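This report goes through the sheet and the helix of the structure shown below.

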Amino acid sequence: MQYREIVAVTGLGGLFQLLASKQDGAIVRSLEDKSTRFVSSRIHNFTPLESIEVFTTGDNVNLSAVFKAMLEKESQFAPADAKADNETIKSYFRKVFPDFDEDRVYVSDMKKMVKWYAILKVNDLLKFEEEEEEAVAEEAAEAPAEEAKPKAKAKAKKEEAPAAEEATEEAKPKKKAAPKKAAADAEGEEKKPKTTRKKKTEE
């Protein structure tokens with residue numbers, strides 16, 4: 001199980017591992033009680049955690065950047081309780097991620113992030129660097145394979161070229177020898193039947 005497999009489902013608390021996608025929904029497993037269930041896409045929406053962005057005073061950042069900051073500063077600032085009061089939650093995020101845009105990030109979202117962080121930690125899913133390295137390795141492995149395809153195609157074209165040349169040579173009609181004039185006359189004109197003259201009989 002990896003971080004990129006984790007989704008949030010509207011209307012359902014907690015986080016889920018996406019096991020299989022269906023035409024009308026998905027099969028997911030809860031990270032809290034490990035129960036597996038089918039969730040209909042007609043009623044619920046699925047949001048991968050890796051696609052969620054957070055508003056900051058500068059450019060938006062991926063949710064994983066917030067979790068990284070929480071993990072790195074955990075020794076200094078213990079994670080807040082998701083059920084803590086609003087001011088306690090805000091104070092916690094000002095310490096671990098001061099770039100938060102408090103005007104656009106609601107306290108309810110902050111509480112959700114605190115809860116999700118705790119779930120991910122219990123499931124040992126806060127290994128972002130390892131997943132990034134794996135993703136880079138996968139891309140690097142796919143790149144040579146993609147580059148090799150055009151080369152192989154070019155090689156095939158080179159091999160086909162002589163054969164094509166031979167084919168064109170064979171296709172060219174060979175020059176016929178110029179027919180003899182007599183033969184041309186014979187073909188162009190119909191032979192006149194020979195007539196024998198009758199000798200005049202003496203009267």
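Two strands count as paired if DSSP finds at least two bridges between them. The model is predicted.

**Sheet**

Strands S2 (residues 16-22) and S3 are antiparallel and are joined by 6 bridges. They form a hairpin with 2 residues between them. Lys22 has Gly25 in S3 as its bridge partner. On to the next pair: S3 (residues 25-30) runs antiparallel to S4, and 5 bridges join the two. The hairpin of S3 and S4 has 5 residues between the strands, and Lys34 there takes a positive phi near 65°.

Bridge partners named for these pairs are as follows.

| Residue | Bridge partner | Strand of the partner |
|---|---|---|
| Lys22 | Gly25 | S3 |
| Ile27 | Phe38 | S4 |
| Arg29 | Thr36 | S4 |

In the sheet as a whole, 5 strands are arranged in the order S4-S3-S2-S1-S5; the sheet is open and its pairing antiparallel. Which strands stand at the edges? They are S4 (36-40) and S5 (46-48); each has a single partner strand, so one side of each is left without a neighbour in the sheet. From one strand to the next, the twist averages 45°. Strands of a sheet pair through backbone hydrogen bonds.

**Helix**

Helix H1 covers residues 63-72, and its buried residues are Leu63, Ser64, Val66, Phe67, Ala69 and Met70. Residues three or four places apart in an α-helix point the same way, because there are 3.6 residues a turn. The N-terminal end of H1 is capped by Asn62, which has a side-chain oxygen 3.1 Å from the backbone nitrogen of Ser64.

Conventions: Residues are numbered from 1 along each chain as its sequence is written. This is a predicted model: local features need pLDDT of at least 70, side-chain atom pairs count only at pLDDT 80 or more; totals for chains, interfaces and linings use all residues. Side-chain values use heavy atoms; hydrogens and water are left out. Helices (H or I, at least four residues) and strands (E, at least two) are DSSP runs, numbered from the N terminus. Axes are lines fitted to C-alpha atoms, for helices over the stretch in contact, and angles run from 0 to 180 degrees between N-to-C directions. Buried means under 20% relative accessible area, exposed over 50%, partly exposed in between (1.4 Å probe, protein chains only). A polar contact is a pair of N or O atoms within 3.5 Å; within protein, one must be able to donate a hydrogen and the other to accept it, and residues adjacent in sequence count only if both atoms are side-chain atoms.
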